[in-house]
Amino acid sequence: MSEVTQPQTTFADQKRKTVETAEFTADGRYMRKVRSFVLRTGRLSEYQKNAMNNYWADFGLEYQDTPFDFNAIYGNDNPVVLEIGFGMGTSLVEMAKNNPQRNYLGIEVHTPGVGACVALAVQEKITNLRVICHDAMEILRDSIADNSLGGLQLFFPDPWQKSKHHKRRIVQPEFIRLIQQKLKCGGFIHMATDWQNYAEHMLETLQNSAGLANQSPTGDYIPRPDFRPLTKFEQRGQKLGHGVWDLYFIYR
Ligand SMILES: C[S@@+](CC[C@H](N)C(=O)[O-])C[C@H]1O[C@@H](n2cnc3c(N)ncnc32)[C@H](O)[C@@H]1O
């Protein structure tokens with residue numbers, strides 16, 4: 001009888017399957033959660049898989065139920081900027097490269113995007129970036145210490161356009177409260193979206209949060225800043241003729 005060779009399961013394949021394990025309680029019961037994402041089943045390319053399998057030890061962090069020690073992770077005490085939902089990571093890697101005086105922490109649930117980001121970081125020889133493949137809400141709640149972040153970036157979060165889906169939008173009063181808890185005094189919140197209705201919702205939510213100072217001279221949005229590289233999602237929107245709204249607040 002001929003032997004059947006099982007396809008080899010690599011670390012990258014396992015990561016694809018484990019990103020949502022926190023849907024279950026410790027005793028195995030299913031927990032219903034309103035999440036800001038739907039996991040797409042995109043396969044990792046060989047390039048992305050190799051990056052995950054060979055460089056996760058250098059760039060990857062895992063969910064943990066105690067706060068990360070950023071000084072130990074980055075080997076310095078530079079400010080840590082968190083980016084939630086970095087997509088394929090092109091703009092995040094560019095920002096990390098352009099700002100060596102900052103540390104960057106990216107969170108993304110889409111595994112091919114995480115693989116692409118790691119591959120690019122290796123190619124660009126980036127040392128001030130770490131990535132996590134997990135739900136950002138759980139990382140914020142459990143793995144990030146209070147008063148520990150220098151800034152938060154949220155670029156083109158899923159707009160969840162239909163009213164019945166608005167509850168899935170990541171920007172909610174509780175989300176902003178959690179971010180404020182994690183920011184150091186003087187830390188920033190920078191958001192951008194190409195969906196006007198979401199921009200208005202972001203503005204209202206941020207303005208209603210005590211302790212946040214809007215940096216817009218007009219009291220609403222800021223002009224698109226040069227230091228924010230064009231993201232992949234934004235490029236797609238530009239081709240469709242979408243506008244862009246940037247919001248920039250400081251936590252006092
Ligand atoms: C519309 S895409 C934008 C990606 C990228 N920022 C860009 O502009 O090209 C939004 C991304 O956020 C990610 N995302 C949504 N909710 C998330 C969460 N709770 N934790 C981590 N990533 C999340 C999605 O997987 C998706 O890749």
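Trainee: Why are α2 and α5 called roughly perpendicular to each other?

Mentor: Helix α2 (residues 46-59) packs on α5 at an angle of about 70 degrees, with the axes 8 Å apart. Angles of 65 to 115 degrees count as roughly perpendicular, under 35 as roughly parallel, over 145 as roughly antiparallel and the rest as oblique. The pair is therefore roughly perpendicular. Axes here are lines fitted to C-alpha atoms over the stretch in contact, and angles run from 0 to 180 degrees between N-to-C directions. This is a predicted model, in which local features need pLDDT of at least 70 and side-chain atom pairs count only at pLDDT 80 or more, while totals for chains, interfaces and linings use all residues. Residues are numbered from 1 along each chain as its sequence is written.

Trainee: Which hand does the crossing of α2 and α5 have?

Mentor: The crossing of α2 and α5 is left-handed; that is, the near helix is turned anticlockwise from the far one by less than a right angle, whereas clockwise would be right-handed.

Trainee: What makes the contact of α2 with α5?

Mentor: Residues including Tyr47, Met52 and Phe59 of α2 and Pro112, Ala116 and Val122 of α5. Contact requires C-beta atoms, placed from the backbone, within 7 Å. The contact divides into 11 nonpolar residues, two polar and one charged. Ala, Val, Leu, Ile, Met, Phe, Trp, Tyr, Cys and Pro count as nonpolar, Asp, Glu, Lys and Arg as charged, and the others, Gly among them, as polar.

Trainee: How do α4 and α5 lie?

Mentor: The axes of α4 (residues 90-98) and α5 (residues 111-123) come within 9 Å and cross at roughly 30 degrees. That makes α4 roughly parallel to α5. The crossing is right-handed. Thr90, Leu92 and Val93 of α4 meet Cys117, Leu120 and Ala121 of α5. Five of these residues are nonpolar, one is polar and none is charged.

Trainee: How many helices and strands are in the protein?

Mentor: Nine helices and eight strands. Both are DSSP runs numbered from the N terminus, helices being H or I of at least four residues and strands E of at least two.

Trainee: What makes the protein as compact as a globular protein of that length?

Mentor: Its radius of gyration is 19 Å, close to the 18 Å that the globule rule gives for 252 residues, so the description holds. The radius is taken over C-alpha atoms, and the rule is 2.2 Å times the number of residues to the power 0.38.

Methods
Contact = placed C-beta atoms within 7 Å.
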